Amino acid sequence: RLRGGFTTAATASAVEVGGSTISRDDVVREDDPTNNVPDSVFTKIGMQLHTRDDHPLGILKNTIYEYFDESFPELFKKFDNLAPIVSVKANFDDVLTPPDHVSRSYNDTYYVDANTVLRCHTSAHQAEMLRAGHTHFLVTGDVYRRDAIDATHYPVFHQMEGFRVFTPEEWEAAGSSDGTAYAAQDLKKTLEGLARRLFGEVEMRWVDCYFPFTEPSYELEIFFQGKWLEVLGCGVTEQAILKNNGRDGTVAWAFGLGLERLAMVLFDIPDIRLFWTNDSRFTSQFKSGQLGTKFKAYSKYPPCYKDISFWISEQFTENNLCEVVRGIAGDLAEEVVLIDEFTNPKKGLTSHCYRIAYRSMERSLTDEEINELQSQVREQVQTKLNVTLR
Ligand code: FA5
Ligand code: MG
């Protein structure tokens, strides 16, 4: 099927991941209100960028594997081929996400049906791994979130989950009587070692934060090119998760790191869409085993900006607008920014004006095709988002 008349990649009717077949008709059902997965997201399932040894994400994953193998020989089991379609229970309930948490909303998460989602984090596999008897594991995979459109956000990105269980004998042997303190200290030491392996001697800092599944919880930030960059979330696993999954009496740590965030910094990759390109000017620059080759940008084609203004309705959200734009323009949509907003107090109506930047990383776009994309955006914004164009 042609999208927007310009995208020529046909949508396959089914893909294979980790031995299971995922069929398009089960995942994309526009007329089913319990489903909100667009074709543009379905086409990313099964791409497995993180398993390509000469792709920046694969190179990074392999380097992290090496760090764990060298620091802890034969301790961590690795999984990178688990299917991304998981139950709501696995993605949320099993990791103690409260019933009213925003991440559960249709605005933030892709639902296949009321009980099934595209995983929004690799933490979705913690409980099943524990129940299968694993106590030291790394799970890498594609994760899916409805989100903004800009250089660092894409509806599909990759995470690596790490998990390590300690028995009382382990912390007692180390002279500690407090399993939680012991695990927190081991976690920080392990991740600081990883950060040094990836970045060399860098300034880093721990920031206290909150996750439903860990306590205490931290984010690690790295000072890179003048800014503090959040690269991972982690913490000491909530006791209920261990208890509910056959590991009562133990203590564990867990982390989840964003592979694109790290790779953009390590390889100087300026736009997150580049991870998905087949353009050989991108792919030919990276070699298996070579972490940190600096990407040489090829010449940028000019962007084209189009504004769209409308009176919003109560259900309007920016994520829904971005879905419409991505559904029509795909990767030609570089950015969607709110540039003006006002309320007419008499009418009680609020107007938003968004500026959409269209740009291909591979070629010049013609006025004609951009006008055609924008006219489809205008049409669908009205029919799908229930807003009134101004
Ligand atoms: C999580 O997803 C937690 N599951 C992480 C975790 C695991 C915490 C285990 C504790 C224990 P968060 O939503 O912050 O947390 O995402 C983790 C990392 O993914 C971020 O630090 C960031 O590096 C990356 N990330 C998050 N959102 C995006 C995005 N839209 N695009 C690219 N990378 C992202
Ligand atoms: Mg975070």
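The points below concern the domains and the ligand shell of a predicted model.

1. Basis. Residues are numbered from 1 along each chain as its sequence is written, while chains are lettered from A and ligands numbered from 1 in the order in which they are written. In this predicted model, local features need pLDDT of at least 70 and side-chain atom pairs count only at pLDDT 80 or more, whereas totals for chains, interfaces and linings use all residues.

2. Domains. The domain assignment, automatic or from a database, gives domain 1 (14–273) and domain 2 (304–389). Their centres, taken over C-alpha atoms, are separated by 32 Å. Contact (C-beta atoms, placed from the backbone, within 7 Å) joins 11 residues of domain 1 to 14 residues of domain 2.

3. Annotated span. An unreviewed UniProt entry annotates residues 141–302 as "domain: Aminoacyl-transfer RNA synthetases class-II family profile"; such annotations may be inferred rather than shown by experiment. This span is 33% strand and 28% helix, and its end C-alpha atoms lie 33 Å apart. Helices (H or I, at least four residues) and strands (E, at least two) are DSSP runs, numbered from the N terminus.

4. Ligand shell. Ligand 1 is surrounded by 23 residues, the closest being His-121, Gly-233, Ala-254, Gly-256 and Gly-258; a residue qualifies if its C-beta atom, placed from the backbone, lies within 6 Å. The shell comprises 9 polar, 8 nonpolar and 6 charged residues. Strand 11 (227–237) is among the elements supplying at least two residues each, as are strand 8 (156–166), strand 12 (251–258) and helix 9 (259–267). Strand 11 gives the most, with 6 residues.

Definitions and conventions
Two residues are in contact if their C-beta atoms, placed from the backbone, lie within 7 Å. Ala, Val, Leu, Ile, Met, Phe, Trp, Tyr, Cys and Pro count as nonpolar, Asp, Glu, Lys and Arg as charged, and the others, Gly among them, as polar.
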